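Open the model in your viewer and keep the sequence panel beside it. Each stop below says what to select and what is there.

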Amino acid sequence: MERTYVMVKPDGVQRGLIGEIVRRFENKGLRLAAAKLMTVTPAQAERHYQEHVGKPFYPDLMKFITSGPVFAMVWEGDSAIALARKLIGKTDVTEAAPGTIRGDFALHTNRNLVHGSDSPESAEREIGIFFAPEELQSYSKAVEAWM
Ligand code: RTP
Ligand code: MG
């Protein structure tokens with residue numbers, strides 16, 4: 001069982017895509033462990049995107065991710081990290097396949113609607129930036145026996 005950090009970015013909230021994005025993760029069968037609407041602080045943004053410090057797109061990324069509310073979530077299940085990345089689609093929107101969130105809804109790479117952790121280490125780190133341990137729910141769903 002894995003947990004992954006998924007975040008509808010400010011453009012997704014503004015475009016009214018929270019429900020559409022949540023629906024895709026629910027349909028897949030992943031289990032929602034935590035969720036909240038929040039505004040990312042500059043300190044959280046710096047920690048979250050620490051691997052991109054110094055890259056040409058970093059200043060815009062910092063400004064963008066703190067520019068308005070995001071919908072922060074933790075999803076869990078077997079291979080949750082890889083499955084979430086598949087549902088989200090490739091970073092470059094010209095490569096993101098139809099059927100993925102970015103492939104279906106994103107027009108520009110720097111306004112690509114949704115984030116998903118890229119490794120178990122990133123997932124643990126990112127969940128810790130945005131959620132306190134007591135915000136995560138542990139439960140099971142009867143339907144999981146059929147999946
Ligand atoms: P994210 O972290 O936001 O889920 O996106 P990702 O893993 O698919 O992509 P990542 O390499 O982590 O990049 C973080 C965000 O920076 C912007 N970006 N722009 N112009 C570019 O070459 C470029 N590369 C990355 C994107 O908005 C990407 O989501
Ligand atoms: Mg990334």
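Which residues does M73 touch, not counting residues up to four places away in sequence? Select M73 and show its surroundings: M73 touches V6, M7, L32, A34 and A35. Here two residues are in contact if their C-beta atoms, placed from the backbone, lie within 7 Å.

Before going on, note that this is a predicted model, in which local features need pLDDT of at least 70, side-chain atom pairs count only at pLDDT 80 or more, and totals for chains, interfaces and linings use all residues. Residues are numbered from 1 along each chain as its sequence is written, while chains are lettered from A and ligands numbered from 1 in the order in which they are written.

**The strands**

Select residues 70-77, which form strand β3. Strands (E, at least two residues) and helices (H or I, at least four) are DSSP runs, numbered from the N terminus. In β3, 7 of the 8 residues are buried, so the strand is largely enclosed by the rest of the structure. A residue is buried if 20 or more other C-beta atoms lie within 10 Å of its own, exposed if 12 or fewer, and partly exposed in between, with C-beta atoms placed from the backbone.

Two strands pair if DSSP finds at least two bridges between them. Look for E2 opposite G77.

**The core**

Now select V6, M7, V8, M73, V74, W75 and V114, which touch the most other members of the largest nonpolar core, a group of 32 residues. Such a core is a set of buried Ala, Val, Leu, Ile, Met, Phe, Trp, Tyr and Cys residues joined through C-beta atoms within 7 Å. Of the elements in this core, β3 gives the most, with 6 residues.

Select H115, in strand β4 (residues 114-116). The UniProt annotation "active site", from an unreviewed entry, covers H115; UniProt positions are given in the numbering used here, feature names are shortened, and annotations may be inferred rather than shown by experiment. Is H115 buried or exposed? H115 is buried, because 22 other C-beta atoms lie within 10 Å. Leaving aside neighbours within four places in sequence, H115 contacts V6, M7 and K9.

Then select ligand 1. The residues around ligand 1 are H52, F57, L61, T91, T109, N110, N112, H115, G116 and D118, where a residue counts as near if its C-beta atom, placed from the backbone, lies within 6 Å. By class, this shell has 2 nonpolar, 7 polar and 1 charged residues.

**Two loop residues**

Most residues other than glycine have a negative phi. Select S79, in the loop between β3 and α5: its phi is positive, near 55°. S79 counts as exposed, with 12 C-beta neighbours inside 10 Å. Then select L113, in the loop between α6 (101-105) and β4, where phi is near 75°. L113 counts as buried, with 24 C-beta neighbours inside 10 Å.

**Last stop**

Select E135, in the segment after α7. E135 counts as partly exposed, with 14 C-beta neighbours inside 10 Å. E135 and A35 are 100 residues apart along the chain, and their C-alpha atoms are separated by 8.5 Å.

Notes:
Nonpolar A, V, L, I, M, F, W, Y, C, P; charged D, E, K, R; others polar.
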